[in-house]
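Please take a moment with the sequence and the model below before reading on. The paragraphs that follow look at confidence and then at charged side chains.

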Amino acid sequence: MHERALRAYAGQMFHLLCPSPDGAEVWMRRPMSIYRVDKAAGHVEFLYKVEGRGTRGMANIECRR
């Protein structure tokens, strides 16, 4: 995780690139609010509801830890 991202705080926004759930094409970036930052673990977390193709594509991403 980039150290600048770890200086963020809950409520700030990031524009996340959402992959297509079927891998066919790249979708537009979605503004997402930060839910939590764990500086010790080096994680930035986002909380979202899977509604359409963009967020469904995000839900299929395997998180690295």
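**Confidence and charged pairs**

In this predicted model, strand β3, which covers residues 43–46, has the highest mean pLDDT among the elements of the protein chain, at 90, while helix α1, covering residues 53–59, has the lowest, at 82. For the protein chain taken as a whole, the mean pLDDT is 83, and 88% of the residues reach 70 or more.

With that confidence in mind, we can turn to the charged side chains. Side chains of opposite charge can pair when their charged atoms come close.

Another salt bridge is found between K49 and E51, whose closest N and O atoms lie 3.2 Å apart. K49 has a relative accessibility of 61% and therefore counts as exposed, and E51, at 59%, also counts as exposed.

The side chains of R36 and E45 likewise meet in a salt bridge, at 3.7 Å from N to O. Are these two partners buried, partly exposed or exposed? R36 is partly exposed, with 39% relative accessibility, and E45 is partly exposed as well, with a relative accessible area of 23%.

Definitions and conventions
Residues numbered from 1 in each chain as written. Predicted model: local features only at pLDDT ≥ 70, side-chain atom pairs only at ≥ 80, totals over all residues. Heavy atoms only, no water. pLDDT = per-residue confidence, 0-100. Helix = DSSP H or I, 4+ residues; strand = E, 2+ residues; numbered from the N terminus. Salt bridge = Lys/Arg side-chain N within 4 Å of Asp/Glu carboxyl O. Buried < 20%, exposed > 50% of the residue type's maximum accessible area, 1.4 Å probe, protein only.
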